[in-house]
Amino acid sequence: MGLFDWPAPAFAALDDLMATAIGPFGRVLIWALICAGVSMVLYRLISPQTRIKQVKAEVKAAQRAMSDDDGEDFGQGMQLAKAQLAKSFKLVGFVIGPAVVASLPALALIVWLDGQYGYSCPPPGEPVQIDVEPKDTEIEQIGGNPDAVTGACPIVQIPGHIEGHSHIVEAAAPIPVMHHKVWWNSLIGNPAGYLPDDTPVTQLRFALQSQEILSAGPDWARGWELTFFVSLLLGSLAIKQGFRIE
């Protein structure tokens, strides 16, 4: 489990609770609004709102000075441009830190949503097309993992480095890629699991079915991503305007 996966059990528990009364579309919509609320409140609490408001006024004043300049004095124009640029960078300096911190809960939620609503494993007994790296490496799907989160995710026999040795790899979650554990998995883990070190196989890619939370519309719009990010954007803008967050 990576650093951003720590909240996943709490997300899953709340999602299971909502699932008793709300369908996938409604749950994704609620998650987007929760995410917007948490991120905006966090940003409001840790950002210097008074200073940001002052600097925004200074930026507007610098812009007005630029637009009012007649352009006859090149040196004066350059000074006005430098002043506007300095104010703009100053504003970014006040905003960027709190914005990054406020986005961390959203990142953790997005990682979990992608695992929860991204793909699904097939029913037991139905094989999955598997692409392997390096190509032409001999592997064999020998079954489906009954303990996987949804469906029967593939169980695959892959070769070891020593001739005649092999490993059994069981995908624990409907994630389309398995690989060796790398450094960034300490931040974002792979719920499906990892390939053992003692194998020439570097990647298994499963052709899993994408989940759809909408039954109508183009294929690219039926997944969780469009509903979530559009709702997140609109929710964040509404909270920003409603509570006059700078």
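Which side chain does Glu-246 meet in a salt bridge? A few notes on that and its neighbours in the list.

1. Ground rules. This is a predicted model, where local features need pLDDT of at least 70, side-chain atom pairs count only at pLDDT 80 or more, and totals for chains, interfaces and linings use all residues. Residues are numbered from 1 along each chain as its sequence is written, and side-chain values use heavy atoms, with hydrogens and water left out.

2. Glu-246 and Lys-56. The answer is Lys-56, at 3.2 Å, N to O. A salt bridge here is a side-chain nitrogen of Lys or Arg within 4 Å of a carboxyl oxygen of Asp or Glu. Glu-246 sits in the segment after α5 (224–242) and Lys-56 in helix α3 (residues 49–68), so this contact ties together parts 190 residues apart in sequence. (Helices, H or I with at least four residues, and strands, E with at least two, are DSSP runs numbered from the N terminus.) Glu-246 is partly exposed at 22% relative accessibility, and Lys-56 is partly exposed at 27%. For the cut-offs, buried is under 20% relative accessible area, exposed is over 50%, and partly exposed is in between (1.4 Å probe, protein chains only).

3. Lys-87 and Glu-58. Helix α3 also supplies Glu-58, and Lys-87 comes from helix α4 (residues 74–117), so parts 29 residues apart get tied together. Lys-87 is partly exposed at 28%, as is Glu-58 at 27%.

4. Arg-27 and Asp-15. This salt bridge comes in at 3.3 Å, N to O. Arg-27 is in helix α2 (residues 24–46) and Asp-15 in helix α1 (residues 8–19), 12 residues apart. Arg-27 counts as buried at 10%, and Asp-15 is buried at 1%.

5. Total. The structure holds five salt bridges.
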